[in-house]
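This report describes selected parts of the structure shown below.

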Amino acid sequence: MKLRVQDMSIAFEGKQVLENVNLSVEEGEFVAMIGPSGCGKSTLLNIFAGLLHAQKGTFFVDEKEVSGVSSHFAYMPQNDLLLPWKTILDNVTLYGKLHGTQKEDKKKALKEFEAFGLSGYENAYPFELSGGMRQRAAFLRTALCSADIMLLDEPFGALDVITRNDMQDWLLKLRQELHRTTLLVTHDVDEALYLADRIIVLQGHPASIVKEIDLKGFHKDRDWLYDQKQLRKEIRDLLKGEDYAA
Ligand SMILES: Nc1ncnc2c1ncn2[C@@H]1O[C@H](COP(=O)(O)OP(=O)(O)O)[C@@H](O)[C@H]1O
Ligand SMILES: [Mg+2]
């Protein structure tokens with residue numbers, strides 16, 4: 001098992017947010033976690049990234065317990081921003097600069113610009129790019145990080161519906177090539193259905209996992225997604241009664 005989480009609980013100022021979260025992600029698997037806004041999805045990713053500490057519970061990567069900041073996770077936080085005064089190439093190799101490997105990273109990055117739909121924009125500044133392109137650049141920065149598990153926190157949340165759909169189509173294709181263990185957080189039911197090998201539904205106050213849906217073995221395209229009325233309803237019913245808008 002690549003990532004395994006055992007009985008994870010966290011409270012803020014006495015308010016219990018997550019309670020006994022148990023989940024696992026296999027090597028190479030793409031898991032989407034869906035839950036209402038404020039239920040603790042970003043909190044969970046922050047625990048994995050070592051930015052927050054759980055009161056209770058442990059998690060393991062390759063069956064070794066992890067605590068604090070580790071090199072296992074490439075994290076694209078919610079509202080990841082590009083630095084406006086740096087070019088796209090400098091932005092996507094920012095971590096390389098911090099680690100003293102920017103030169104090698106630039107070589108690696110330049111090879112990926114085409115796959116990320118950014119060719120020709122290597123020396124452009126963020127304001128010259130569309131919203132979708134900026135998200136792809138932030139994504140490329142995360143993908144270039146060689147850590148073995150990608151954590152993506154609502155990477156398309158701020159985009160309009162049409163751009164978001166384009167980005168999902170793009171990611172569906174890219175994920176076969178990247179073949180990275182990925183945990184994607186979203187509040188968009190269709191995004192989860194379309195992209196994930198497995199969906200984990202978080203719900204309740206405090207939140208815990210109420211359902212897992214296995215979607216391996218399907219050939220996914222927009223027609224397939226359109227036909228998933230039953231699953232869509234099932235997930236929406238689970239989230240119903242919560243402060244949920246989608
Ligand atoms: N560092 C923090 N201090 C206090 N409360 C926090 C902190 N981080 C998150 N929370 C609270 O925890 C709950 C879950 O937040 P979050 O994980 O951001 O939800 P989600 O990502 O599912 O929308 C919210 O009520 C939020 O206000
Ligand atoms: Mg969040």
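Helices (H or I, at least four residues) and strands (E, at least two residues) are taken here as DSSP runs and are numbered from the N terminus. The structure is a predicted model, in which local features need pLDDT of at least 70 and side-chain atom pairs count only at pLDDT 80 or more, while totals for chains, interfaces and linings use all residues. Residues are numbered from 1 along each chain as its sequence is written, and chains are lettered from A and ligands numbered from 1 in the order in which they are written.

N20 belongs to strand β2 (residues 15-25), whereas H179 is found in the loop between α6 (161-178) and β8 (181-186). Exposure is judged from C-beta atoms placed from the backbone: a residue with 20 or more other C-beta atoms within 10 Å of its own is buried, one with 12 or fewer is exposed, and one in between is partly exposed.

| Residue | Phi | Other C-beta atoms within 10 Å | Class |
|---|---|---|---|
| N20 | near 50° | 14 C-beta atoms | partly exposed |
| H179 | near 45° | 10 C-beta atoms | exposed |

Strands count as paired if DSSP finds at least two bridges between them. An open sheet is formed by 4 strands in the order β2-β1-β4-β5, with antiparallel pairing. Its edge strands are β2 and β5 (64-66), each of which pairs on one side only. From one strand to the next the twist averages 30°, where axes are lines fitted to C-alpha atoms, for helices over the stretch in contact, and angles run from 0 to 180 degrees between N-to-C directions. Strand β4 (residues 56-61) is joined to β5 by 3 bridges in the antiparallel sense, and V61 stands opposite K64 in β5.

Helix α1 packs on this sheet, where it touches β1 (3-12), β2 and β4, and its direction makes about 65° with that of β2; contact requires that the C-beta atoms of two residues, placed from the backbone, lie within 7 Å. The buried residues of α1 include K41, L44, L45, I47 and F48. Seen down the axis of α1, its buried residues fall within an arc of 155°, so they line one face of the helix; the arc is that of the directions from the helix axis to the C-beta atoms. After α1 comes G50, which has a positive phi near 85°.

**Strands β3, β9 and β10**

Strand β3 (residues 30-34) runs parallel to strand β9 (residues 198-203), and 4 bridges join them; here M33 stands opposite I200 in β9. On pairing with strand β10 (residues 208-214), β9 makes 6 bridges in the antiparallel sense, with R198 opposite D214 in β10. β9 and β10 form a hairpin with 4 residues between them, and G204 in the turn has a positive phi of about 105°. P206 also lies in the loop between β9 and β10, and the peptide bond from H205 to P206 is cis, with omega near -5°.

**The shell around ligand 1**

Which residues lie around ligand 1? They are F12, V17, G35, S37, G38, C39, G40, K41, S42 and T43, a residue being counted if its C-beta atom, placed from the backbone, lies within 6 Å of the molecule. Helix α1 (residues 41-48) gives the most to this shell, with 3 residues. By class, the shell has 3 nonpolar, 6 polar and 1 charged residues, where Ala, Val, Leu, Ile, Met, Phe, Trp, Tyr, Cys and Pro count as nonpolar, Asp, Glu, Lys and Arg as charged, and the others, Gly among them, as polar.
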